[in-house]
Amino acid sequence: MTAITAPVATHPNSPRWQQAWQNMRRSTSGMIGLAVLLLHLVAAAIGQWLAPHDWTLQNGYIMFQTPSTEYWFGTDNLGRDLFSRTLIGGKEAITITLLGTLLAMVWGSLAGITLGFIGGKTDEWLMRFVDALLAIPWLLFLLLIIALVGQSGLTLVLTLGFFYGIAVIRVVRGATLEYVPKDFVLAAKTRGESKFTIVTKELLPNVLDALLVEAAMRWAWMLLAFSSLSFLGFGVVPPTPDWGLMIADNRGMISIAPWAVLFPALALSSLIISINLTADAFAKAIGLDRAKAPV
Amino acid sequence: MHNSILHVQDFSLGYRNRAGDLVSVLRHINLEIRQGESIGLVGESGCGKSTLALAMMAFLRGGSEVISGQIDFHGGNLFTLSSAKLASLRGGKVGLIPQNAGQSLTPTMKIEAQLTEALRLHSNVPSKQWRQRAIELLQQVRLPAPEAMLARYPHQLSGGQQQRVAIAMALAGNPELLVLDEPTTGLDVTTQAHILELLRSLRLEMGMTMVFVSHDLGAVARISDRIAVMYAGEIIELGRCADVLRTPAHPYTQSLLRAIPRLDAKGLPPSLAGYPPKVGSVTQGCAFAARCQHATGQCQQDAQLLPHKEQWVRCHHVGQLPASNTVVSHLVPPTKQNADTLLDIRELQISYHKPGFFEQLRNRPAPVATVDDIDLTLKQGQTLALVGESGSGKSTIMKAISGIQTPSQGQIQLQQADLNQPVEKRDRQLKRKVQMIFQNPDASLNPRHTVLEILQQPLRLYFGLNNTECRQRAAELLQLVRLAPHYLDRMPGQLSGGEKQRVAIARCFAGDPELVLCDEVTSALDVSVQAAVLKLLKELQQEKGVTYLFIAHDLAVVKALADEVAVLYQGRLCQVGSVEAVFGGYQHPYTCALLNAVLQPDPDHAPQLCGDDTAEQHPPAQGCAYQRRCTLAEPRCRQATPPWQQVGGNRIRCHLSLDELSSRNGMPMLIDAANF
């Protein structure tokens with residue numbers, strides 16, 4: 001979410017962002033998405049103080065309790081309170097994927113704009129290299145890296161950020177190509193501005209729209225990827241609660257205690273859907289045609 | 001001949017904006033178009049002329065609605081027709097020739113397919129004769145080798161040829177009424193003259209009724225019987241072409257005609273104050289009142305379109321205005337004489353060709369350079385104009401000077417500094433001294449920057465100013481281009497075309513330049529704004545002593561602003577000399593062809609066409625660059641590069657002797673300015 005709100009701060013009185021907000025408010029699905037998204041963010045931020053039970057406390061006597069007034073979402077295979085665990089289960093995922101998205105956007109967009117701006121042979125060769133990187137099955141590659149380096153938050157942020165940045169390069173380069181032949185870029189060149197200034201001051205503000213929408217979509221994808229890793233046991237280290245891990249732990253008992261899988265899965269999908277809804281509404285609000293956006 | 005074919009009655013059109021308010025685009029238009037006549041709709045951008053013309057085909061832009069009135073075609077209201085009937089009407093009885101033919105032709109279809117499609121939909125020609133008829137149509141629009149033309153794709157044709165194909169397509173349905181929406185805008189002077197002559201002769205042959213939409217009074221003067229002048233969605237003056245152009249009655253028409261630079265007048269034309277109003281911003285009273293020097297309190301009320309002498313005029317003060325045929329005082333600024341040389345170009349050659357690896361191996365000769373053998377000097381504080389058709393290398397030379405394109409041979413020097421090096425290698429002082437203003441301010445200003453941010457960039461780059469200094473200096477720069485400081489926080493999208501170009505000029509002067517490269521700086525602007533921008537440029541030159549290198553396709557603008565003129569054809573110089581010499585003395589055949597093709601807002605002025613307007617792809621490998629189109633070409637022109645001949649400061653590159661040039665070419669037609 002910070003990726004979306006940050007530019008508003010840099011243009012405090014810009015009517016463009018005000019206009020975008022006005023447009024966005026008209027979209028019902030967008031507002032629902034935004035509300036759910038904010039709820040998730042709040043839960044991740046202050047969930048540990050709201051949780052009614054200790055989320056690591058195991059109790060063999062109350063394994064697989066059905067949802068009740070005491071345990072709203074029931075309990076899991078080790079008798080832990082599922083509501084508390086679901087409440088906090090997104091914290092790790094959201095933090096790591098947000099950082100990962102930020103990294104992916106920064107390096108992906110800079111590389112994309114620069115390649116689009118430079119053009120020529122360098123662009124040609126590096127894009128083929130990017131294509132080659134995109135052909136790597138990233139999940140397997142991630143598993144390999146984690147197996148080699150070890151399981152830590154930093155490793156996950158760096159690897160996820162790197163791999164998702166590659167896809168961003170393509171999108172941002174495509175968006176940049178539209179602006180490179182424009183006269184204001186030529187004007188900056190004849191003025192003698194450095195390449196860095198042209199990329200950051202002239203081109204970046206113009207591809208920012210595409211970039212923000214792309215960031216939201218990448219974030220949703222990365223959340224799924226992170227949960228997949230957790231599901232496979234490579235994400236969060238137990239006993240820290242995490243949705244992917246919770247689904248993995250309880251999936252064997254799905255016929256006896258479906259709630260133990262259902263609630264974390266619901267939490268994960270509602271977060272991803274809310275991101276998608278918000279991104280869609282935002283794209284429409286700033287007049288970005290998703291159909292035309294290069295993906 | 002006097003029965004009406006199309007009748008616009010009290011027609012008002014508008015659209016609803018975001019807030020749900022009705023914004024009126026056209027207000028109470030009354031216009032009767034008679035069978036066989038040609039009517040010109042004239043006005044500046046946003047005045048509703050195209051909207052009206054399209055409404056004559058019952059075509060409304062998305063979201064707009066008819067507020068009042070109707071448009072009758074042969075007595076039947078167009079807006080009550082069924083969509084099937086409309087579809088057969090459009091392209092059938094009513095043909096449209098759009099502004100940009102290159103974009104209106106389907107790029108993936110051959111010309112034959114496009115023409116047969118038009119014939120299939122809108123004519124009764126049996127399918128066996130389609131090809132035959134297509135060839136006839138292409139002959140009718142005077143396209144050479146029509147059979148070969150059928151097999152081509154639109155991108156293989158030049159702009160003029162594309163426009164001819166678009167005309168042929170409109171003719172396929174044997175239209176009674178032809179709507180032409182700026183058909184010659186964006187074409188070269190010579191091509192424009194040819195297309196207009198074609199349209200004139202087609203009208204005589206086929207007796208078509210024409211609605212000709214243009215912002216160019218010169219083009220309208222050539223083709224219309226009657227002129228309707230539009231301003232802010234209203235017809236403000238309507239009358240016979242000669243009457244409106246000779247004795248304009250509305251203050252707007254008067255000042256518009258005065259603001260047009262002319263070949264036969266000296267110096268800069270007087271400009272109109274202010275800018276045209278935004279669409280729908282005027283709801284009550286005379287729309288022109290804000291810019292009118294005769295405005296009184298009465299002008300706050302709506303004026304009626306009333307007869308006055310020969311024409312109809314919408315003005316409260318018509319007839320009471322001071323006689324408008326007083327001599328117009330053109331601004332003739334003094335130019336600096338005997339100044340030092342600032343820019344020196346020697347034997348400049350530029351080629352876009354980059355030999356590939358295999359070509360280098362085979363040692364193939366490089367193709368003829370795009371720009372070759374350019375020798376030019378430019379004195380401090382003066383203005384040199386580069387003149388020529390599109391593709392003549394004007395912009396390429398400018399790119400070389402600004403350091404975007406490295407010349408393959410030759411020398412460019414700014415006083416002692418070497419301008420051959422690309423812009424990245426120049427030092428900061430040198431970068432600062434050479435600045436550029438672009439043709440279209442919409443494209444040259446970053447749409448995501450405020451005016452302050454736009455002006456900040458050169459200030460930071462060249463002088464390293466901090467935020468408060470930048471804001472202070474930016475406000476001064478805005479003052480320099482006559483804009484108030486509150487513009488600093490606006491975005492380019494909130495400015496009008498003229499204001500944007502002023503911001504672009506301010507940005508250029510932020511670096512305190514010595515040489516300013518102006519690339520068609522006024523061609524994207526309205527006539528009434530153009531004069532003001534030209535005046536600003538001239539004043540800045542006097543104030544700051546800058547030197548201009550100026551590209552313009554409008555020769556009248558060149559005459560108004562420049563001290564020296566260089567005529568280019570296919571990247572080679574044809575003639576270089578002072579404005580007086582080039583426009584009034586001995587002339588190269590190409591200079592003569594260019595000047596004769598110029599249109600004037602004068603009903604009696606007829607352009608003279610020399611040769612054809614076929615564009616060339618490559619300059620010839622040897623001999624004179626202009627050999628293929630020159631009507632005076634001799635065998636020696638194909639073999640040897642002509643020598644320079646010099647009379648005073650006037651250099652002409654031609655094999656013919658000066659006497660022959662003057663006798664064969666004749667002097668350019670100089671017609672007295674219309675007295676108004």
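The side chains of Arg448(B) and Asp209(A) meet in a salt bridge, with a nitrogen-to-oxygen distance of 3.4 Å. The model is predicted. One salt bridge is the count between chain B and chain A. Chain A itself is divided into two parts, domain 1 (12-89 + 238-295) and domain 2 (92-237). The points below take up the contact between the chains, then the contact between the domains, and then three residues of chain B.

**Contact between chain B and chain A**

- Chain B contributes 22 residues to the contact, and chain A contributes 19 residues.
- The size of an interface is often expressed as the accessible area that is lost when the parts come together.
- For chain B and chain A, the area buried between them is about 2,000 Å², with 53% of it on carbon and sulfur atoms.
- Ten residue pairs are in polar contact across the interface of chain B and chain A, both residues being at pLDDT 80 or more.
- On the side of chain B that touches chain A, at least two residues each are supplied by strand 18 (434-437), helix 15 (441-444) and helix 16 (451-463) of chain B.
- Helix 16 of chain B provides the largest share of that side, namely four residues.
- Sorted by class, the side of chain B that touches chain A holds ten nonpolar, eight polar and four charged residues.

**Contact between the two domains of chain A**

- The C-alpha centres of domain 1 and domain 2 of chain A are 25 Å apart.
- In the contact between these domains, 28 residues of domain 1 of chain A meet 23 residues of domain 2 of chain A.
- Domain 1 and domain 2 of chain A bury about 2,200 Å² between them, and 76% of this area is on carbon and sulfur atoms.
- Four helices of chain A give two or more residues to the side of domain 1 that touches domain 2: helix 2 (15-25), helix 3 (28-50), helix 11 (243-250) and helix 12 (259-285).
- Helix 12 of chain A gives the most to that side, with eight residues.
- By class, the side of domain 1 of chain A that touches domain 2 of chain A comprises 20 nonpolar, four polar and four charged residues.

- Asn420(B) is situated in the loop between strand 17 (417-418) and helix 14 (428-433) of chain B.
- Asn420(B) counts as buried because its relative accessible area is 17%, which is under the 20% limit.
- The side chain of Asn420(B) reaches two backbone atoms: the oxygen of Gly410(B) at 2.7 Å and the nitrogen of Ile412(B) at 2.7 Å.
- Apart from neighbours within four places in sequence, Asn420(B) is in contact with Thr406(B), Pro407(B), Gly410(B), Gln411(B) and Ile412(B).

**Positive phi values in chain B**

- Ala58(B) has a phi near 60°, a positive value in a residue other than glycine.
- The location of Ala58(B) is the loop between helix 1 (49-55) and strand 4 (64-73) of chain B.
- With a relative accessibility of 10%, Ala58(B) is classed as buried.
- Ala232(B) has a phi near 50°, a positive value in a residue other than glycine.
- Ala232(B) lies in the loop between strand 9 (226-231) and strand 10 (234-240) of chain B.

Conventions: Residues are numbered from 1 along each chain as its sequence is written. Chains are lettered from A and ligands numbered from 1 in the order in which they are written. This is a predicted model: local features need pLDDT of at least 70, side-chain atom pairs count only at pLDDT 80 or more; totals for chains, interfaces and linings use all residues. Side-chain values use heavy atoms; hydrogens and water are left out. Contact means heavy atoms within 4.5 Å. Buried area is the accessible area (1.4 Å probe) that two parts lose on being put together, summed over both. A salt bridge is a side-chain nitrogen of Lys or Arg within 4 Å of a carboxyl oxygen of Asp or Glu. A polar contact is a pair of N or O atoms within 3.5 Å; within protein, one must be able to donate a hydrogen and the other to accept it, and residues adjacent in sequence count only if both atoms are side-chain atoms. Ala, Val, Leu, Ile, Met, Phe, Trp, Tyr, Cys and Pro count as nonpolar, Asp, Glu, Lys and Arg as charged, and the others, Gly among them, as polar. Buried means under 20% relative accessible area, exposed over 50%, partly exposed in between (1.4 Å probe, protein chains only). Domain bounds come from an automatic or database domain assignment.
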